[in-house]
Amino acid sequence: MHFVIMGCGRVGATLAKGVIAHGHSLAMIDNNPDSFRKLPKDFEGQKVTGEGYDRDTQRQAGIEDAYGFAAVADDDNANILAARIAREIYGVKKVVARIADPRRAEVYERLGIPTVGTVDRTAQSLLSRVLPLDSEAVFTEDTGKLVLCRALLETSWVGHTVAEIQQVLGVRAAYVSRFSRVALVGEDTILQENDELYFFVTASKRPAVASRLARVFKED
């Protein structure tokens, strides 16, 4: 699959390494060609000099064939505009924008554009939002048998209750991150678009759960 990243700063370069490590093609956009020096010397992806919110620049980077787009420049306005163009004009499936202002971030999450802050998210968290669905282990208890995982739910899982999801996955839901806020869940909690679900699962079952999450929701 093809991905496009706008902003080749420290975050963008780290994110690029993660995308490449997963075996995907990648185009980097930055208005300063010197920024590409942050990329690995063996980087074989495309380097596009220009404004990431410019449609011609996005097309040059292959946005029309992109599965995911991440706007992680240092300018909130540029990131918002670029993300909206990628999502609304080119219909990119996975779009995420780096927004420093939490009040603005909540507004855009309500519009369906996942956002991450400059400090409160790591490059790994960005990967979990832009790459195909997977679950990320965020905590493993001392015996190594129980793992707390985080997953951004695929569209078909949205609208189902926590009870339904627990039944299908065989996990125990803990809490949800929604609009950059955390809330405990009950069995009647309904999952919404862009929710990050945190759940406990035994280490031995984690691969099976990750595989099941990658498929469309269907009661087994």
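With which residue does Asp 34 form a salt bridge? The partner is Arg 37, and the closest N and O atoms of the pair are 3.6 Å apart. A salt bridge is here a side-chain nitrogen of Lys or Arg within 4 Å of a carboxyl oxygen of Asp or Glu. The structure is a predicted model, in which local features need pLDDT of at least 70 and side-chain atom pairs count only at pLDDT 80 or more, whereas totals for chains, interfaces and linings use all residues. Residues are numbered from 1 along each chain as its sequence is written, and side-chain values use heavy atoms, with hydrogens and water left out.

The secondary structure of the chain comprises seven helices and 11 strands; helices (H or I, at least four residues) and strands (E, at least two) are DSSP runs, numbered from the N terminus. Of the 220 residues in the chain, 51% are buried. Buried denotes under 20% relative accessible area, exposed over 50%, and partly exposed the range in between (1.4 Å probe, protein chains only). The chain exposes about 11100 Å², of which carbon and sulfur atoms supply 49%; accessible areas come from the Shrake-Rupley method with a 1.4 Å probe, and for residues only the protein chains shown count as cover. Among contacts (heavy atoms within 4.5 Å) between residues at least 6 apart in sequence, 57% join residues at least 24 apart.

The largest nonpolar core contains 22 residues, and those with the most contacts inside it are Val 4, Met 6, Ile 63, Phe 69 and Val 92. Two or more residues each are given to this core by strand 1 (2-6), strand 2 (25-30), strand 4 (66-71), helix 3 (76-89) and strand 5 (94-98). Helix 3 gives the most, with six residues. A nonpolar core is defined as a set of buried Ala, Val, Leu, Ile, Met, Phe, Trp, Tyr and Cys residues joined through side-chain atoms within 4.5 Å. Neighbours within four places in sequence aside, Val 92 is in contact with Ile 63, Ala 66, Tyr 67, Gly 68, Phe 69, Ala 86 and Arg 87. Apart from this core lies another, of 20 residues, among them Val 147, Ile 165, Leu 197 and Val 209.

Val 209 is also one of the buried residues of helix 7 (residues 206-213), together with Ala 210, Arg 212 and Leu 213. Seen down the axis of helix 7, the buried residues fall within an arc of 165° and therefore line one face of the helix; the arc is that of the directions from the helix axis to the C-beta atoms. The face turned away from the buried side carries the exposed residues Pro 207 and Ala 208.

Six salt bridges are found in a search of the whole structure. In the Asp 34 pair described above, Asp 34 is partly exposed at 41% relative accessibility, and Arg 37 is exposed at 70%. The side chains of Arg 59 and Asp 56 meet in a salt bridge with an N to O distance of 2.1 Å. Both residues lie in helix 2 (residues 55-60), three residues apart, about one turn of the helix. Arg 59 is partly exposed, with a relative accessible area of 37%, and Asp 56 is likewise partly exposed at 49%. A further salt bridge joins Asp 74 and Arg 98 (3.6 Å, N to O). Asp 74 lies in the loop between strand 4 and helix 3 and Arg 98 in strand 5, so the pair ties together parts that are 24 residues apart in sequence. Asp 74 is exposed, with a relative accessible area of 74%, whereas Arg 98 is buried at 13%.

Gln 166 lies in helix 6 (residues 162-169) and is buried, with a relative accessible area of 15%. Residues up to four places away in sequence not counted, Gln 166 touches Val 171, Arg 172, Ala 173 and Glu 187. Gln 166 and Phe 199 are 33 residues apart in sequence and 8.9 Å apart in space, C-alpha to C-alpha. Thr 161 is found in the loop between strand 8 (146-152) and helix 6. Beyond neighbours within four places in sequence, Thr 161 is in contact with Glu 187, Asp 188, Thr 189, Ile 190 and Leu 191.
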